[in-house]
There are 2 protein chains.
Amino acid sequence: MTKVTELRVLIGTDGGLTVELTPFLDRELPESLYSQLYHWIKKEIEEGRLLPGMKMPSIRQLTAHLKVSRNTVEAAYQQLQLEGYLESVPKSGIWVAEIEKPLPHPIEVEQPIILECKPSSEVLVDFEYGNVDLDKFPLRQWKKCLSEAVDQENNWLFQYSEKQGEFALRREISNYLLQFRGVRAAPEQILITAGTQNSIALICRLLALRGKSVAMEEPGYSGARSVFGDQGCYIEPVPLEKDGLSVEHIQTSKVKAVYLTPSHQFPFGMILSISKRIQLLKWAYQTGGYIIEDDYDGEFRYQGQPIPSLKSLDEEEKVIYLGTFSKSFLPSVRLSYIVIPPSLMDQYLRKFAAYNQSVSPIIQRAMALFMQSGEFERHIRRMRRLYQRKHQALLRNIEQYMGNRVKIVGEKSGLHILLKLKGISTFELIENGLQKGVKVYSPLMFWLNPNPESNSYIMLGFGGLSIEEIDKGVRLLASCLP
Amino acid sequence: MTKVTELRVLIGTDGGLTVELTPFLDRELPESLYSQLYHWIKKEIEEGRLLPGMKMPSIRQLTAHLKVSRNTVEAAYQQLQLEGYLESVPKSGIWVAEIEKPLPHPIEVEQPIILECKPSSEVLVDFEYGNVDLDKFPLRQWKKCLSEAVDQENNWLFQYSEKQGEFALRREISNYLLQFRGVRAAPEQILITAGTQNSIALICRLLALRGKSVAMEEPGYSGARSVFGDQGCYIEPVPLEKDGLSVEHIQTSKVKAVYLTPSHQFPFGMILSISKRIQLLKWAYQTGGYIIEDDYDGEFRYQGQPIPSLKSLDEEEKVIYLGTFSKSFLPSVRLSYIVIPPSLMDQYLRKFAAYNQSVSPIIQRAMALFMQSGEFERHIRRMRRLYQRKHQALLRNIEQYMGNRVKIVGEKSGLHILLKLKGISTFELIENGLQKGVKVYSPLMFWLNPNPESNSYIMLGFGGLSIEEIDKGVRLLASCLP
C-alpha cells in the first residue's frame with residue numbers, strides 16, 4: 001500500500017543528523033494517512049533503513065514536509081513510541097530506539113514477533129476495550145457444556161460441520177434474537193462465522209461489493225473498514241450527528257451498502273434515532289442498497305427505552321444483521337453470526353457451496369448447550385446488571401475526580417465510553433497516564449480522516465475491570481489532567 | 001456467474017412436453033461447466049421456473065443444444081438426481097421431481113435448507129472421503145485437554161487470541177513439522193487459520209494474487225480452486241503425469257504461483273518426483289513465483305521412501321507450506337496453519353495488522369496440551385498403522401472381488417483411492433451402488449474441464465470405515481460391475 005520513494009540523511013537545523021522521511025502516502029486508500037505513515041516508519045526501522053540513534057524530524061518539520069495535518073504525524077509518532085520504535089527525549093527530540101529484530105532466525109528465538117507495547121512503568125489499571133468481566137463468569141457451567149458437547153453421540157466429531165454451522169446453535173440463536181433483539185430469523189437464515197470480520201468479508205462477496213462504495217460512520221469500527229478495503233470496496237465516510245450518522249449524506253451519495261452500529265455507535269456511543277432508522281430503510285428500499293447492521297453489544301443498554309434493531313423494522317429484506325458472542329459471552333469463543341435475508345439465501349447457497357464452516361462444531365455445540373440450559377440468558381441478565389454498576393461507578397468517579405475538566409461522550413450503553421479532553425492532547429494524557437500506571441487508549445484509528453478534534457478524545461473500556469480498579473484508574477488519570 | 005437468457009417449453013420428439021434449457025455457460029469462469037449447469041438447473045427448479053412433472057431434454061439433446069461434452073450434461077443431471085431435484089424414469093426419461101421449497105417461511109419449518117442427498121435405499125456402507133477413524137480416537141485424553149485448557153490461568157479466556165494464534169500451539173507445530181515433515185519453521189513464521197480454505201484466501205491477499213494466474217493440478221482440490229477464483233485469480237490447469245504435475249507446462253506459462261499437493265496428489269494420489277520438485281523450485285527461484293504446498297495428509301504414507309516436502313528443500317523462501325489437523329486429528333477442530341517464509345512476514349504483519357485470529361484459543365490451547373503430552377504423536381503413529389491396515393484390506397478386497405474389472409489409482413498413501421472403471425460410467429455405478437446400499441462418489445468436480453475420461457473414475461474414502469465395512473462395501477460394489 002505504501003511505497004518507499006527515497007530516504008536521505010541531511011544536517012538538521014540543530015547541527016545533529018536528522019533523517020528526512022519521504023514516504024508515499026495515498027489519500028485514496030481506505031487506510032488512514034496516520035496509519036500509512038506509522039506502518040511506513042515502522043518498516044523503515046524494522047528493515048534497518050532507519051537505525052537506532054538516528055534523530056527523527058520534529059512533528060512540525062514532518063508535518064510541513066509531508067503536507068499532512070499535525071495530528072497525522074503526532075498520532076504516528078505516538079503510536080511508534082508506545083510500541084517502542086521511537087523514543088522521545090525531553091529537550092532533545094524524537095529518536096529511533098533500539099528494537100529487537102522483528103524476525104529471529106528460525107528455531108532460535110521464541111518471542112512472538114508482534115512487539116508488545118512497552119509502558120514506561122508497571123500498568124496498575126488498563127482501560128483496554130474489548131475485555132469482559134472475569135469474576136461473574138459461569139466458568140463451571142461453560143466447562144460442563146464443553147465436555148457434554150464432546151460426550152454427545154459424537155460421530156459429528158469425526159466429520160466437518162454443517163456449512164452454515166451446527167443446526168442446534170442456529171436454532172438457539174434464532175430464539176435468542178427474537179426474544180432479546182426483536183429479530184425474526186429462521187435457523188435456515190443464520191450463518192455461523194468465526195468473528196465479525198469474517199462475516200463482513202463474506203457479505204462483500206455475497207453482495208458483490210468489490211469495486212463498489214460502502215458507507216461507514218466516521219469515526220467507525222476500523223476492523224470493519226480494513227476488511228471492506230481489502231475486499232476492494234471504496235469507503236464513503238459519513239459524518240456523525242447527535243442522533244447518529246447523517247442519512248442525508250447517504251441519500252446524496254452513490255453507495256451500494258451502509259455498514260453501521262445503530263444500537264451503540266462505535267466508538268461515540270450515540271444511538272441511531274428511530275426517525276433516522278426509518279429514513280435509512282426508505283433509502284434502501286428506494287435505491288436497492290443494503291444495510292449492514294452490526295449489533296456488537298446491543299445486549300448492554302442502561303438508560304432509556306430500547307430502540308428496535310434496524311432488522312426488526314425491515315420489511316423488504318434489505319438489512320443484513322451481524323451478531324457476535326464476543327461481548328455478550330467470551331471473545332475467546334470466536335463465534336459470530338449473520339442473519340441473511342431470505343431473498344439472498346439462494347445467492348449464498350450458490351456462491352458458498354464449496355466452502356466449509358470455519359468454526360469448530362465443538363465450540364458451536366457447547367454454546368448451543370449453554371443456551372439451551374438457560375445459562376446464557378441468565379448470564380446476559382447478570383452481566384447487564386454488573387456492567388451497569390461498573391458503568392455507573394465509572395461515570396460517578398469521572399464526575400467526582402475530573403469534574404468539568406473532561407466531557408463524557410456516549411454514556412447510555414455498552415462497555416466503553418469516550419472522554420473529550422480540554423487543554424491536553426490524547427497522547428499527552430496517554431503518556432502521562434503510563435507514567436502513573438494507568439493505561440488509556442486513543443480512538444484515533446477509528447477515523448478514516450483524522451481531524452484536529454480526533455486527537456482530543458480518549459477511550460475507556462471497563463468491561464474487564466472491577467469497581468475498585470475503575471475508581472483507582474480514574475483517580476490516577478485525573479491526576480494527569482491539567 | 002450464470003445468467004438466465006430464456007426458457008421455452010416446446011413439443012419434444014416423443015410428443016410429450018419437453019423443456020428447452022438455455023443457460024449461459026461461461027468457459028472463462030473457474031467454476032466448471034458441469035457445475036455451472038448443475039447450479040443453473042437447480043436454481044430454475046428452486047425458483048419454480050422448472051416445475052415438478054416437466055420433462056427434461058435427454059442428455060443427447062442437451063449436449064447438442066449447449067455444444068458441451070456429454071460428460072458435462074451427464075454429470076449435472078446425475079448430481080441433480082442424487083440430490084433429488086430430478087428423477088430418471090426408465091424407458092421414459094428424466095423429469096423434474098417434487099422438492100421441498102428451499103426457503104421455508106421464517107420460524108415455521110426447521111430442516112436445514114441444504115437438501116440432503118436422498119439415496120434410493122438405506123446406505124449400509126458410505127465411502128465418503130474426509131471422515132476419520134472413530135474407534136481408536138483418544139477421546140478421553142482430548143476431553144481432558146479441553147477442560148485443562150479452560151482450567152489454565154485463564155485471563156486469556158476473556159480476551160482475543162494472539163493474532164497469529166496461541167504461541168504454545170505454534171511452538172508445538174514448529175517441533176512437529178521438524179520431526180515429522182522435515183520442515184524448519186519458527187513459531188514466529190506459523191499462522192493458525194480456521195481451515196485450509198481460509199489459509200488460501202489469506203495467501204491470495206498476502207501475495208496480491210488478485211487478477212493474476214495461479215497454476216493448479218488438473219484434476220485438483222476443488223475447494224482450493226473455488227477460493228482462488230473467488231479471490232479474483234485466473235486458474236491455469238496443469239496436466240498430470242505419472243510423477244505429478246507437468247513442470248514443463250508451468251515453465252512455459254505466465255503463472256505467478258503454483259498450488260499443489262505434492263506428497264499425495266489430490267485426488268489421483270501420485271507423488272511428485274524428487275526431480276520435479278527440484279525443477280519446480282528452480283522455476284520459482286528464476287521467475288520469482290511462489291509455490292503453495294498443501295500437505296493435507298502427508299502423515300499417512302504406506303509404501304516406499306518418504307519424499308522430503310517441497311518446503312524442506314526450499315532454499316530461497318519461495319515455498320508457502322499449508323498444514324491441517326483435519327486428517328491427522330479431527331475435521332471438527334477446524335484447525336489449519338500456514339508456514340510463511342521470513343521474507344514475507346513483514347508483508348503479513350502490515351497487511352493483516354487489523355485482523356483478529358479466527359480460531360478459538362480454547363481449541364488452540366487444548367490442541368497444544370494434546371501435542372505437549374505426546375498424545376498427538378502417539379495418535380499419528382497409531383492411525384498410520386490403522387489406516388495402513390484398512391488401506392491394505394481395501395486393496396485386497398478390490399483385487400479379490402473386482403479383479404481386472406477395475407484399475408486402482410494412487411495406492412501408496414492417504415485416506416482414499418480412485419478406481420478406474422471399465423464398461424460402466426461413474427454415475428451408473430453410483431446409481432447401482434445406491435440401490436445395493438453402498439455409497440461411492442464421483443471425483444468429477446475436481447476437474448476444471450472434465451473430459452470423457454473424467455467420468456470413468458470413482459473415489460473411495462476409507463478413513464471412517466471399519467475393516468468389515470470395507471469388505472462388505474467392496475463386495476456390494478463389485479456386484480454392480482459389468
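In helix α13 of chain A, the residues Arg389(A), Lys390(A), Ala393(A), Leu394(A), Asn397(A), Ile398(A), Tyr401(A) and Met402(A) are in contact with Ile467(A), Ile470(A), Asp471(A), Val474(A), Arg475(A), Leu477(A) and Ala478(A) of α15(A). Sorted by class, the residues that make up this contact of α13(A) with α15(A) comprise 10 nonpolar, one polar and four charged. The model in which this packing is described is a predicted one. Helix α13(A) spans residues 375-402 and helix α15(A) residues 467-478, and their axes come within 9 Å of each other, crossing at roughly 25°. Because angles under 35 degrees count as roughly parallel, α13(A) is described as roughly parallel to α15(A). The crossing in which α13(A) passes α15(A) is right-handed.

Helix α13(A) also packs against helix α5 of chain A, which covers residues 167-181, and here the axes lie 12 Å apart at an angle of about 35°. The crossing of α5(A) and α13(A) is likewise right-handed. From α5(A), the residues Tyr176(A), Gln179(A) and Phe180(A) meet Phe376(A), Glu377(A), Ile380(A), Arg381(A) and Arg384(A) of α13(A). The contact of α5(A) with α13(A) consists of four nonpolar residues, one polar residue and three charged residues.

Between the two chains, 86 residues of chain A are in contact with 86 residues of chain B. The area buried between chain A and chain B amounts to about 7000 Å², with carbon and sulfur atoms contributing 59% of it. Over all chains the structure holds 29 salt bridges, and four salt bridges are found across the interface of chain A and chain B. In one salt bridge, the side chains of Asp151(B) and Lys143(A) meet with an N to O distance of 2.5 Å. This pair crosses between chains, linking Asp151(B) in helix α4 (residues 139-151) of chain B with Lys143(A) in helix α4 (residues 139-151) of chain A. A salt bridge is also formed by Asp230(B) with Arg205(A), for which the closest N and O atoms are 2.9 Å apart.

Note on methods:
Residues are numbered from 1 along each chain as its sequence is written. Chains are lettered from A and ligands numbered from 1 in the order in which they are written. This is a predicted model: local features need pLDDT of at least 70, side-chain atom pairs count only at pLDDT 80 or more; totals for chains, interfaces and linings use all residues. Side-chain values use heavy atoms; hydrogens and water are left out. Axes are lines fitted to C-alpha atoms, for helices over the stretch in contact, and angles run from 0 to 180 degrees between N-to-C directions. Helices (H or I, at least four residues) and strands (E, at least two) are DSSP runs, numbered from the N terminus. Angles under 35 degrees count as roughly parallel, over 145 as roughly antiparallel, 65 to 115 as roughly perpendicular and the rest as oblique. A crossing is left-handed if the near helix is turned anticlockwise from the far one by less than a right angle, and right-handed if clockwise. Contact means heavy atoms within 4.5 Å. Ala, Val, Leu, Ile, Met, Phe, Trp, Tyr, Cys and Pro count as nonpolar, Asp, Glu, Lys and Arg as charged, and the others, Gly among them, as polar. Buried area is the accessible area (1.4 Å probe) that two parts lose on being put together, summed over both.
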